[in-house]
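Thank you all for coming.

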Amino acid sequence: MPQHIAMIMDGNGRWAKKRHLPRVAGHARGVKRVRDVVEFCMARDIRYLTLFAFSTENWKRPVDEVNHLMGLFVSALEGEVSKLHRNGICLRVIGDLHPFNPRLQTLIASAEARTAGNDRLTLTIAANYGGQWDIKQAFGKWLKAQHAAGNPVAEAGSPEDIDLIPYLAMAYAPDPDMVIRTGGEQRISNFLLWQSAYAELYFTDTLWPAFDAAEMEQALAWYAQRERRFGQTSQQIKALAR
Ligand code: IPE
Ligand code: IPE
Ligand code: MG
């Protein structure tokens, strides 16, 4: 079983278009799937679930759609946080939150504070997140720490002197074992670039609003067939398992 599943929830717009509905109807249906997938992970004792909700590139969308997505985020936080808390879920939000409106920022901060002591499942929402942003912000924090410690940063030219891992946005979680992308595209779209280095990548044509428990089951069955070698040989892995 994977300890950490990360998901690129793609295909909301196409799901709606097929039904002659506005794109935003697809996003609303997508929120329901988030509930299902959280319940699924709880039932399977998966400890970390990370969901890509809004990328740093998604600001390029029509302003009405962006506003609608922000509204959905606000209403999901207002409506669901008590339930998450009751279920022992710790909610975290990763990404550059500064561009969000102050009300949304306050809701995020209070939801995180309220659920911080929970550890049954850590649910991370990636919002205004980009893997490139994450690496850059981690490097900035690392530099500041070197400066504060009086280390001569200018001379630190070798890669082994640079340790970004403690400063990455998800430093509190193990790297994802599996990244699932719905919606048919086989790309990462600037999700967890660093952290996905050894993730098993699962792509399905199923659109996010249609991704149900049976689909999740299929993804886990596929994962169970993978041999994770982390650069070693199959023989070495089998010897370790003995
Ligand atoms: C994913 O669905 C949701 C977000 C990126 C916010 P899309 O909105 O990208 O749906 P498609 O890819 O256009 O179908
Ligand atoms: C990736 O989906 C981002 C999220 C699911 C939040 P996109 O729909 O934005 O990805 P591209 O543009 O097709 O690569
Ligand atoms: Mg898309």
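How far from an oxygen atom of ligand 2 does a polar side-chain atom of Arg 181 lie? The distance is 3.3 Å, which falls under what I call a polar contact, a pair of N or O atoms within 3.5 Å, where within protein one must be able to donate a hydrogen and the other to accept it, and residues adjacent in sequence count only if both atoms are side-chain atoms.

Before I go on, please keep in mind that this is a predicted model, in which local features need pLDDT of at least 70 and side-chain atom pairs count only at pLDDT 80 or more, while totals for chains, interfaces and linings use all residues. Residues are numbered from 1 along each chain as its sequence is written, chains are lettered from A and ligands numbered from 1 in the order in which they are written, and side-chain values use heavy atoms, with hydrogens and water left out.

Staying with ligand 2, a polar side-chain atom of Ser 189 lies 2.6 Å from an oxygen atom of the ligand, and for Arg 61 the corresponding distance is 3.2 Å. On its own ligand 2 exposes 390 Å², of which the protein buries 78%, with areas taken from the Shrake-Rupley method with a 1.4 Å probe. The shell around ligand 2, meaning residues with a heavy atom within 4 Å, includes Phe 52, Ala 53 and Phe 54, and its largest share, three residues, comes from strand 2, residues 48–55. Strands here are DSSP runs of E with at least two residues, and helices are runs of H or I with at least four, numbered from the N terminus.

Let me turn to ligand 1. An oxygen atom of ligand 1 is 2.7 Å from an N or O atom in the side chain of Arg 14, another such distance, to the side chain of Asp 10, is 2.8 Å, and a polar backbone atom of Gly 13 is 2.9 Å from an oxygen atom of the ligand. The protein covers 87% of the 380 Å² of accessible area that ligand 1 has on its own.
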